[in-house]
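Subject: A structure to look at, with some notes

Dear colleague,

I am passing on a structure to you, and I would ask you to open it beside this email. Please take your time with it before you read on.

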Amino acid sequence: MLRIGIDVGGTFTDVTALDDETGTFWIHKLPSTTDDQSVAVAEGVAAVVAKAGREVAEVGYLGHGTTVATNVVLEGNGARTVLVTTEGLRDILEIGRQQRPDLYDFDADKPASLVPRALVHTIAERINAEGKVLRALADDDVITAAHQIIDYAPEAVAVCFLHSYRNAAHEVAVTERLRELLPGAYVCASAEIAPVFREFERFSTTVVNAYVGPKIERYISRLAQRIAGLGVTVEPKVIGSGGGMMSLDAVRKHPVSTLLSGPSAGVVGATHVAKAAGFTNIITFDMGGTSTDVCLVTGGAALSASQRTIQGRPVRATSLDIHTVGAGGGSLATVDSGGALEVGPASAGSHPGPAAYGRGGTRPTVTDANVVRGRLNPRYILGGALAVDYPAAERSIDSLTAGMGVNRMTVARGIGRIAAMNMAGAVRRVSVEAGEDPRGYILVAFGGAGPLHAVEVAREVGMSTVLVPPNPGTLCALGLLVTDIRTDFTHAALAEAASHDLGKLNQVLGQLRSAATEWLAAEAPPGAATTITGVARMRYARQNFELAVPLPQQIVDAARIEPDALEDLVTGFHQAHAKSYGFAHEGATVQIVELQTTATALVARPATQQIPAGPAQPGDNAVLEYRDVDFDTTGTVHTPVYRREALCAGTVLAGPAIVEQMDTTTVITPDACGRVDSYGNLIIELEQS
């Protein structure tokens, strides 16, 4: 059976196929089709199956990472959405938290609401914070509202009532009626999407879900049709922001959970490869054509977050704690009015792309700088599949020399230096700012451009070891093959961590346990091992933010918290608070704001293949050529260029060196030394001053 993983990026679509029986991999890379990602997905499946010399009927698993939801929000081209809410809450999306995007910039604007005020409709109803109905929902009001909403001609409707996390009866009634009367619209309720405390965040999440819902639904339908049209008999699964696979039906219901779909696959893949190599404390460094994603992994587990901000809009959905910066191979370089060089966040994308790609691009990018510096092959990339237009790359860099008053190589070196500093800032964000010392971690570099810059980024933050996997350019696609089927269920509790509120807590926990069990019954493959775990988000009374404290497994299994277990949970919270903030108020009132269960169906992971051992000195067949390469520390050096596939386990590459392969290029600087381990990973050690 063939297992295929496909990750769609802003520039390229990466495909990995795995033979379950032999453990053999095949990889393929092709330009992304930004107008309809499913086109490149289908083409990639057909291409990698042909590479493997197999038939599409042999495909037994298809995992997919997508950026459709993210692109819809970033580009602002989502559905015409109506918000239905409680009378008196019409302006909640506009008011938000009254926080300025930039504290000291009085001219900074908040992002425009995804629902214009004219499309916010209110209904007379009221439920209090304890779930008691203060003003009943009149059926006539619902009918009247529905017909008024029909006049808006919405593509999507978000239903968000006050305190529906306590009592969702009114939301459910309105949602069901709107689905009857608006069969062509995408209708969702906050009780389905984010039944959590804090109105603005709950409303924002539900509105984003509705805003992206129609496009996700259309994309999912096209994807399923194209894959079936190839003759593939299995339905694709999509990775969610939390690093778990979901069925297409689950994605249709909760499209907001795919906002970080692609990047999470890379974290899973990097963690899998690093564990096999003996490293469990890593920082993932995924540099593609458009952006760079970094994530801290401690003890083999990636950190997660319960809320993210997308284009200034809060989204309450569990996701891996990935930080993204606008620095990629296609990042554009410009000179500001003062003659200073800037790199990113704007990107040349896949069309026209960098000037070096020969597709009509003329503006300078990080890729063009790498070509001019000799770090990238000046004749071709992707194993010869894409010719490099070296003169075009030179012309693009030359367009900046006059404004800066320096020569071509100085500009190219400056572009690389600024890009590295931007990415180093992202690494510090997930490590130093989270209280972790990056010097105790390994930088795992992947993506099409990650290995090109990893050593400089590691040096910038004080790290001494970089791991480059065997196929770094398609590691996200590999991650899709080793990702468990998983989802999270969260519900507000808003109770004291005290015996008098145990009934309330256990009621919520029972609901979450039941939801996880039902989901596994529908989503888990036959015979798959399953688990249900949980966390409590806790705080001291009157604090604004919570800490996640794991629930002991016996609590989750029994769906019940006993008094002695509650005491242990409170003790665990005090300890977590002391670790995070340096102190604990052990006599203060502790609240449990939310409870969460995570349902997981484990997938079989392929055995990591070892490569043959060889001499420490690379053989003559491993050397492609020698060329002049520019380095930050030494300037231009005549440097050997090696073929990655010709390197054996035990081979040592003293810097400077360039290692080329189909999906990426690795730069080993003069102050670093690389060695190949038994799994084919290139492990680079660098000297730190």
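Predicted model: local features only at pLDDT ≥ 70, side-chain atom pairs only at ≥ 80, totals over all residues.

Helix α2 (residues 68-75) packs against helix α7 (residues 199-230) at an angle of about 130°, and their axes are 9 Å apart. Since angles over 145 degrees would count as roughly antiparallel and 65 to 115 as roughly perpendicular, α2 and α7 are therefore oblique to each other, and the crossing is right-handed. On the α2 side the contact involves Val68, Ala69, Val72 and Val73, while α7 contributes residues including Val208, Tyr211 and Lys215. Of the residues in this contact, 9 are nonpolar, none is polar and 1 is charged.

Helix α12 (residues 408-430) and helix α13 (residues 450-461) pack at an angle of about 60°, with their axes 9 Å apart, which makes α12 oblique to α13. This crossing is right-handed, and among the residues that make the contact are Arg417 and Met421 of α12 and Glu456 and Val457 of α13. Here the contact residues divide into 7 nonpolar, 2 polar and 4 charged.

Turning to the strands, β25 (residues 442-446) runs parallel to β26 and is joined to β26 by 2 bridges, with Val444 having Leu467 as its bridge partner in β26. In a regular strand the side chains alternate between the two faces of the sheet. In β26 (residues 465-468), Thr465 and Leu467 point one way and Val466 and Val468 the other, and all of them are buried.

Terms used. Residues numbered from 1 in each chain as written. Heavy atoms only, no water. Axes fitted to C-alpha atoms, helices over the stretch in contact; angles between N-to-C directions. Helix = DSSP H or I, 4+ residues; strand = E, 2+ residues; numbered from the N terminus. Parallel < 35°, antiparallel > 145°, perpendicular 65-115°, else oblique. Left-handed = near helix turned anticlockwise from the far one by under 90°. Contact = heavy atoms within 4.5 Å. Nonpolar A, V, L, I, M, F, W, Y, C, P; charged D, E, K, R; others polar. Buried < 20%, exposed > 50% of the residue type's maximum accessible area, 1.4 Å probe, protein only. Pairing = 2+ DSSP bridges.
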